[in-house]
Amino acid sequence: MQIAPGIFKAYDIRGIYPTELNEEGAYAIGRAFVTFLQAREVIVGHDMRLSGPAIFDAVTRGIMDQGADVVNIGLVSTDQYYFACTRLGLPGMMVTASHNPKQYNGFKMVRQMPYLLSGAEGIQDLRRIVENDAYAPTTRTGSMRALDLSDEFVTFVLGLIDSDILERRRLKVIADTGNGTVGPILQRVYGRLPIDFIGMYLEPDGNLPNHGLDPLMPENRAELERRVVEEGADAGFAFDGDGDRFFVIDDRGRFISGDFLTALLGRYLLRRAPGSKIVYDVRASWAVRDLISAAGGVPLIERVGHAFIKRRMANENALFGGEVSGHYYFRDFNFADSGIIPSLLVMEMLAGSDQSLSAMLAPLEEKYFISGEINSTVASPKERLEALAAAYADGVIEWIDGISVTYPTWHMNVRASNTEPLIRLNLEATTREEMERRRDEVLAIIRG
């Protein structure tokens with residue numbers, strides 16, 4: 001059948017409903033998934049998108065028509081889905097488009113936890129099976145059973161923290177789930193803790209009546225930032241649409257970058273497991289490397305993307321991993337990412353300290369000056385990367401993921417988007433002045 005090839009991306013399948021991904025395509029992808037993995041049983045969950053029920057029905061029909069049984073886990077966050085795949089030892093398909101706008105839908109696909117299908121390992125195979133109608137012969141029709149693992153999930157995540165520490169200091173947190181999927185399970189988790197929990201937009205609603213699903217966009221977190229200050233909260237938490245990404249607002253109402261939070265959480269977790277390995281991505285601040293090393297851990301740099309981080313963590317038996325984009329991964333969660341688990345650890349870290357979040361951040365803000373991720377639309381990303389390599393040939397150049405260039409007082413990573421004609425710059429220097437000067441200098445080369 002004909003299907004939009006662009007929906008088969010580096011880490012998942014994602015497209016606009018119904019023009020790029022519709023019921024016919026979802027049905028075919030379900031059949032292809034069973035064919036590719038030779039699966040006998042598949043876990044399927046979905047987020048709150050308006051097209052979710054139609055896409056769920058279609059993909060599960062495809063799975064069952066191809067001879068596999070379906071375990072229907074219903075409306076869940078992506079970390080609940082990963083928990084189910086781990087708990088049952090089965091492959092899975094999560095119907096979600098994560099933080100994308102409401103007109104999108106798609107699939108995050110587990111081969112066997114912690115390994116997901118990626119563009120190089122499975123996703124393009126699915127595309128070829130669909131395009132060529134190359135489904136395996138089948139002699140049976142599968143069945144569906146419903147399974148609710150939410151009680152087990154709540155017990156599990158609460159078991160990852162020391163709740164006695166939370167008794168030492170009464171904390172107030174405001175959590176914004178943006179009418180995404182994580183609100184109901186988040187309420188159940190925090191309802192068991194001695195924390196003053198204030199919720200914002202916790203009801204799943206695919207109409208997204210309040211704001212978008214990506215907290216990296218300043219307009220989507222502006223209200224939370226204001227309310228943290230107005231209500232005197234210790235922190236604000238923001239979750240993306242499917243709850244696998246997590247973001248923190250400090251007590252000043254300021255957004256904490258993902259690399260600074262990785263550094264703080266990594267250092268904190270090393271108290272429990274000294275000498276452990278911590279994985280972080282190529283975009284990150286030197287703060288991650290420095291704090292992990294100073295705490296006796298082993299920092300390991302990896303290319304961007306959950307498929308790569310999970311694989312590296314599993315191969316290295318790493319304790320923890322973090323990405324600038326707000327993904328946090330845990331060995332105790334089968335190397336998967338979760339939004340709820342890091343939120344609990346931030347609460348534990350704060351309750352066990354006499355410091356505020358802003359006080360914890362102050363030494364980092366005085367030493368590490370980061371640009372944040374800056375996107376530029378370019379006609380030929382490859383040519384721009386080559387131009388940067390020529391311009392900075394006297395620096396230490398690495399090609400782990402795009403181009404990384406290091407000098408004694410500054411470094412950068414520039415990488416092409418997997419899905420758009422964009423180049424993404426992350427740059428850091430040891431002074432604000434040099435960061436701004438180098439940032440502008442690099443952007444001038446990128447933008448030609």
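User: What should I know before I start reading the model?

Analyst: The model is predicted, so local features need pLDDT of at least 70 and side-chain atom pairs count only at pLDDT 80 or more, while totals for chains, interfaces and linings use all residues. Residues are numbered from 1 along each chain as its sequence is written, and side-chain values use heavy atoms, with hydrogens and water left out.

User: At what angle do helix H5 and helix H6 pack?

Analyst: Helices (H or I, at least four residues) and strands (E, at least two) are DSSP runs, numbered from the N terminus. Axes are lines fitted to C-alpha atoms, for helices over the stretch in contact, and angles run from 0 to 180 degrees between N-to-C directions. Here helix H5 (residues 150-158) and helix H6 (residues 183-190) pack at about 55 degrees, with their axes 10 Å apart. H5 and H6 are therefore oblique to each other, since angles under 35 degrees count as roughly parallel, over 145 as roughly antiparallel, 65 to 115 as roughly perpendicular and the rest as oblique.

User: Which residues make the contact of H5 with H6, and how do they divide?

Analyst: Contact means heavy atoms within 4.5 Å. On H5 the contact is made by Ser150, Asp151, Phe153, Val154, Val157 and Leu158, and on H6 by Ile185, Arg188 and Val189. These residues divide into six nonpolar, one polar and two charged, where Ala, Val, Leu, Ile, Met, Phe, Trp, Tyr, Cys and Pro count as nonpolar, Asp, Glu, Lys and Arg as charged, and the others, Gly among them, as polar.

User: Which residues of H6 are buried, and what covers them?

Analyst: Buried means under 20% relative accessible area, exposed over 50%, and partly exposed in between, with a 1.4 Å probe and protein chains only. In H6 the buried residues are Gly183, Ile185, Leu186, Val189 and Tyr190. They cover an arc of only 165 degrees around the axis, and therefore lie on the same side of H6; the arc is that of the directions from the helix axis to the C-beta atoms. What covers them includes helix H3 (78-88), H5, strand E8 (172-176), strand E9 (196-200), strand E10 (235-239) and helix H11 (340-351).

User: How does H3 pack with H5?

Analyst: H3 and H5 pack at an angle of about 100 degrees, with their axes 10 Å apart, which makes H3 roughly perpendicular to H5. Asp79, Gln80, Phe83 and Arg87 in H3 meet Ser150, Glu152, Phe153 and Phe156 in H5, and the residues of this contact divide into three nonpolar, two polar and three charged.

User: Which peptide bonds are cis, and which residues other than glycine have a positive phi?

Analyst: Most residues other than glycine have a negative phi, and most peptide bonds are trans. The bond from tyrosine 17 to proline 18 is cis, with omega near 0 degrees, and proline 18 lies in the loop between strand E1 (13-16) and helix H1 (23-37). The bond from methionine 113 to proline 114 is also cis, with omega near 10 degrees. Aspartate 133 has a positive phi, near 50 degrees, and counts as partly exposed at 48% relative accessibility. Asparagine 179, in the loop between E8 and H6, has a positive phi near 60 degrees and is buried, with a relative accessible area of 5%.
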